[in-house]
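Hi,

Here is the structure I promised to pass on. Have a look at it first, then read my notes below.

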Amino acid sequence: RKSNMEEVQDELVHRLTLGRSTQKKFQVPSRSNSGSLPAPSITYDSSPDEVKAWLEAKGFSPVTISSLGVLTGAQLFSLNKEELKTVCPDDGARVFSQVTVQKAALEKSSGSELQEIMRRQQEKLAASTVDSGVESFDEGSTH
């Protein structure tokens with residue numbers, strides 16, 4: 001029995017050859033859902049179903065959705081632009097662009113969490129150095 005990765009690779013090769021023979025069809029996602037459900041987003045923990053829903057919401061072609069909709073969020077985020085263009089010749093560059101935007105949004109949100117953790121650690125460190133009677137120079141206190 002083939003491993004899951006071998007099945008994915010076979011499917012990607014099949015889609016590659018299929019993608020080259022089809023005509024380019026650019027679909028613009030509809031923007032009519034103002035006020036309804038928020039647009040789906042993906043994270044490193046997203047399941048293949050969530051990735052598929054995200055691709056559909058972004059208006060990618062059925063070939064792209066079926067090719068990349070089998071991947072998890074982490075797998076999709078790990079692909080570079082050339083790999084995406086190989087798997088999806090028509091949509092690869094646009095998928096890469098959307099994935100990059102999604103990654104940036106995730107890093108921005110996790111960055112604020114990291115800053116909060118760092119601030120707490122800085123406070124603990126400052127408290128422990130005051131308790132020990134040792135003076136320290138804190139670069140961050142001038143902000």
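A word on terms before the residues: I call a residue buried under 20% relative accessible area, exposed over 50%, and partly exposed in between, using a 1.4 Å probe and protein chains only. Keep in mind that this is a predicted model, so local features need pLDDT of at least 70 and side-chain atom pairs count only at pLDDT 80 or more, while totals for chains, interfaces and linings use all residues. Residues are numbered from 1 along each chain as its sequence is written, and side-chain values use heavy atoms, with hydrogens and water left out.

On confidence: pLDDT is the predictor's own score for each residue, from 0 to 100. The protein averages 77, and 69% of its residues reach 70 or more. Helix H1 (residues 4-21) is lowest, with a mean of 70, and helix H2 (residues 48-57) is highest, at 94.

The fold has 6 helices and 0 strands. These are DSSP runs numbered from the N terminus (helices: H or I, at least four residues; strands: E, at least two). Of the 143 residues, 24% are buried. Taking contact as heavy atoms within 4.5 Å, 58% of the contacts between residues at least 6 apart in sequence join residues at least 24 apart.

Now the aromatics. Rings of Phe, Tyr and Trp (its six-membered ring) pair if their centres lie within 6.5 Å; planes under 30 degrees apart are stacked, over 60 edge-to-face, and the rest tilted. There is 1 such pair. Tyr-44 and Phe-77 have ring centres 4.6 Å apart and planes at 55°, so the pair is tilted. Tyr-44 sits in the loop between H1 and H2 and Phe-77 in helix H4 (residues 73-78), so the pair ties together parts 33 residues apart in sequence. Phe-77 is buried at 4% relative accessibility, whereas Tyr-44 is partly exposed at 42%.

There is also 1 salt bridge (a side-chain nitrogen of Lys or Arg within 4 Å of a carboxyl oxygen of Asp or Glu). Glu-123 pairs with Arg-119, with the closest N and O atoms 2.3 Å apart. Both belong to helix H6 (residues 92-131), 4 residues apart, about one turn of the helix. Glu-123 is partly exposed at 44%, and so is Arg-119 at 40%.

Last, Thr-64 in helix H3 (residues 62-68) is buried at 2% relative accessibility. Beyond its neighbours within four places in sequence, Thr-64 has contacts that include Leu-55, Cys-88 and Val-95.

Cheers
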